[in-house]
Amino acid sequence: MGNRTDLVNMNITELNNHYVSLKDRYEDYKKQNMKLDMSRGKPCSEQLALSTSMLDIVTSSDSFKASDGSDCLNYGGVDGIPEAKALFAQILGVSSNEVIIGGSSSLTMMHDTLSRAMLHGVYGSEQPWGKHSTVKFICPSPGYDRHFAICELLNIEMIVVDMLHDGPDMDAVEALVSQDDTIKGIWCVPKYSNPDGITYSDEVVDRLANMTTKAGDFRIIWDDAYTVHHLSEEPDRLKNVRSACEEAGNPDRVFIFCSTSKITFPGAGIAAMAASVENIQYMRKQIAVQTIGPDKINQLRHVRFLKDMDHVRSHMTKHAAIIKPKFELVLNKLESELGGMNVATWNKPNGGYFISLNTLDGCAASVVTMATDAGVTLTAAGATYPYGIDPRDRNIRIAPTFPSLKELEQSIDVLCICIQLASIEKIGL
């Protein structure tokens with residue numbers, strides 16, 4: 001059990017003594033030459049093993065036909081085989097004709113979607129986005145670093161808005177989009193958000209769907225990465241954004257993305273995007289120039305393995321059984337080592353892949369550096385904000401899934417020591 005004394009209100013002697021004790025523990029860990037990695041949200045080997053039987057599911061020469069009779073070994077099927085579209089339609093709550101199946105990565109689909117928008121615009125654009133002298137995106141933060149990297153690569157200016165307990169600060173979002181026609185979109189991870197674990201409220205979904213935007217071709221990039229990644233038997237519920245946009249009279253506003261990366265294999269999954277039929281038809285013509293056809297065998301393999309939503313839920317329950325103890329270990333450690341000290345706060349997610357931790361202002365970068373020096377690799381401080389700049393230097397993203405329980409326990413021990421050391425240095429000895 002750690003020292004739960006409020007560090008902020010310790011007198012100088014108590015603070016100094018505690019610091020010396022922590023420093024001794026820290027130096028002991030450094031001597032162990034550990035190499036522990038919590039930098040990315042990767043499935044562990046036990047999770048990957050849940051899907052290995054899928055590799056043997058397409059074997060015989062009479063199994064290569066899709067439901068429409070097309071040969072999955074040959075060219076064609078630019079937007080995916082019918083049964084894959086049907087499966088993702090169930091997962092995303094849309095119609096099959098509103099789905100395009102991609103390769104192994106939804107991030108690739110998001111990158112390509114924005115790249116095409118810069119070159120050609122989107123359905124309803126008066127001109128390509130790239131013809132504007134400036135293109136801007138709203139980035140609720142803390143958020144997903146790879147979203148921000150796409151904007152940086154495409155020279156899209158990023159505008160930070162705060163994440164609140166139920167989603168983005170919609171007062172700020174509505175004010176921004178109503179006044180500036182160079183703001184072309186907003187990034188959203190709406191369920192078990194990366195890293196905060198927040199699920200958008202119905203009100204936030206409705207406000208996003210209904211808000212008045214000065215740009216007529218404004219798009220919501222709805223990265224529903226964790227839509228089936230629950231940690232409890234009472235999962236969060238997310239309102240259907242596609243239906244909300246339709247009802248609001250803005251049917252073309254949203255592009256929805258997801259993949260099987262953390263359902264089956266991160267390196268060999270399948271991805272999908274969903275949008276209005278008009279959006280899909282517009283993009284399908286562009287994709288048909290980019291490729292003659294995707295890996296339809298992998299789509300067939302996934303559909304025959306996952307089958308339908310009941311099987312998907314059953315499969316994800318097995319994932320939860322593996323990773324839930326890891327989340328519980330981290331949360332219990334944080335509470336036992338830092339609870340009551342007033343130097344850190346953290347979320348308790350109901351799903352997803354991350355735990356978001358906030359230190360005292362001005363401490364995150366030094367915590368990450370100290371942890372690295374002790375052999376624990378964390379996501380870089382600032383990574384959860386555009387341009388890698390956390391204005392308060394406080395957010396740290398914890399990724400519990402990949403390490404073993406023993407490695408995770410050691411990593412969080414080191415992290416808690418580093419947080420206390422950095423906090424005492426910030427308070428002042």
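Which domains does the domain assignment of the protein give? There is domain 1 (7-47 + 313-427) and domain 2 (65-306), with bounds that come from an automatic or database domain assignment. The model is predicted, so to speak of local features takes a pLDDT of at least 70 and side-chain atom pairs count only at pLDDT 80 or more, while totals for chains, interfaces and linings use all residues. Residues are numbered from 1 along each chain as its sequence is written, and side-chain values use heavy atoms, with hydrogens and water left out.

The centres of domain 1 and domain 2, taken over C-alpha atoms, are 31 Å apart. Their contact (heavy atoms within 4.5 Å) takes 26 residues from domain 1 and 33 residues from domain 2. The size of an interface is often given as the accessible area lost when the parts come together. Here the buried area (accessible area, 1.4 Å probe, that two parts lose on being put together, summed over both) is about 2500 Å², and carbon and sulfur atoms give 59% of it. On the domain 1 side, Met316, Asn350 and Tyr387 lose the most area to domain 2, together 26% of what that side buries.

Salt bridges come next, each being a side-chain nitrogen of Lys or Arg within 4 Å of a carboxyl oxygen of Asp or Glu. The whole structure has 17 of them, and two are counted between domain 1 and domain 2. Lys136 and Asp180 form another, at 2.6 Å from N to O. Lys136 sits in strand S3 (residues 136-141) and Asp180 in the loop between H6 and strand S6 (183-188), so this pair ties together parts that are 44 residues apart in sequence. Helices (H or I, at least four residues) and strands (E, at least two) are DSSP runs, numbered from the N terminus.

What about helix packing? The axes of helix H6 (residues 170-179) and helix H7 (residues 202-210) come within 11 Å and cross at roughly 0°. Axes are lines fitted to C-alpha atoms, for helices over the stretch in contact, and angles run from 0 to 180 degrees between N-to-C directions.
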